[in-house]
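The sequence and structure come first.

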Amino acid sequence: MLTSVDTDVIRVLGDPLRLKIVTLLAQETLCTTHLVEETGAKQTNLSNHLKVLREAGLVETEPCGRFTYYKLCPEVLARLSEQFAELAASARNAAENKRAC
């Protein structure tokens, strides 16, 4: 069953730019400069989206000198994936169940 935390993560990932950021961070750890180059977003806009991703627990920061690097928290996505797998299995089993009107 999806929890309110899981639905918050789904909502956060519903934004195309945030999904792009997560996709990029799934490949490698990046700093804001890299993310600006890769997404074409303005730095302030990108920072706001990164804040939302951090608050949802999807992204962690790693200070490195005057730069801040961002990395993805795969556990959160793995948990969400397991929840969707359970929903899919339940839907397969429920396909034969039909409530009478």
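In which sense do strand 2 and strand 3 pair, and over how many bridges? Strand 2 (residues 59-64) pairs with strand 3 in the antiparallel sense, over six bridges. The model is predicted, so local features need pLDDT of at least 70 and side-chain atom pairs pLDDT 80 or more, while totals for chains, interfaces and linings use all residues. Residues are numbered from 1 along each chain as its sequence is written, and side-chain values use heavy atoms, leaving out hydrogens and water.

**Sheet**

Helices (H or I, at least four residues) and strands (E, at least two) are DSSP runs numbered from the N terminus, and two strands pair if DSSP finds at least two bridges between them. The table lists the two strand pairs.

| Strand pair | Sense | Bridges | A bridge partner pair |
|---|---|---|---|
| Strand 1 (residues 30-31) and strand 3 (residues 67-72) | antiparallel | two | cysteine 31 and tyrosine 69 |
| Strand 2 (residues 59-64) and strand 3 | antiparallel | six | glutamate 60 and lysine 71 |

The three strands form an open sheet in the order 1-3-2, with antiparallel pairing. Strand 1 and strand 2 each have a single partner strand and stand at the edges, so one side of each lacks a neighbour in the sheet.

**Helices**

Helix 2 (residues 16-25) lies across strand 1, strand 2 and strand 3, and runs at about 90° to strand 3. Axes are lines fitted to C-alpha atoms, for helices over the stretch in contact, and angles between N-to-C directions run from 0 to 180 degrees. Helix 2 also packs with helix 4 (residues 43-55) at an angle of about 75°, the axes being 10 Å apart. Helix 2 is therefore roughly perpendicular (65 to 115 degrees) to helix 4. Contact (heavy atoms within 4.5 Å) involves Leu17, Arg18, Ile21 and Val22 of helix 2 with Asn45, Leu46, His49, Leu50, Val52 and Leu53 of helix 4.

Valine 36 belongs to helix 3 (residues 32-39). Beyond its neighbours within four places in sequence, valine 36 touches Ala41, Gln43 and Leu46. Its C-alpha atom is separated by 9.6 Å from that of serine 47, eleven residues apart along the chain.

Buried means under 20% relative accessible area, exposed over 50%, and partly exposed in between (1.4 Å probe, protein chains only). Valine 36, at 26% relative accessibility, counts as partly exposed. Cysteine 64 also counts as partly exposed, at 42%.

The disulfide count is zero, where a disulfide is a pair of cysteine sulfur atoms within 2.5 Å. The closest cysteine sulfur to that of cysteine 64 is in cysteine 31, at 9.0 Å, which is too far for a bond.

Key: Angles under 35 degrees count as roughly parallel, over 145 as roughly antiparallel, 65 to 115 as roughly perpendicular and the rest as oblique.
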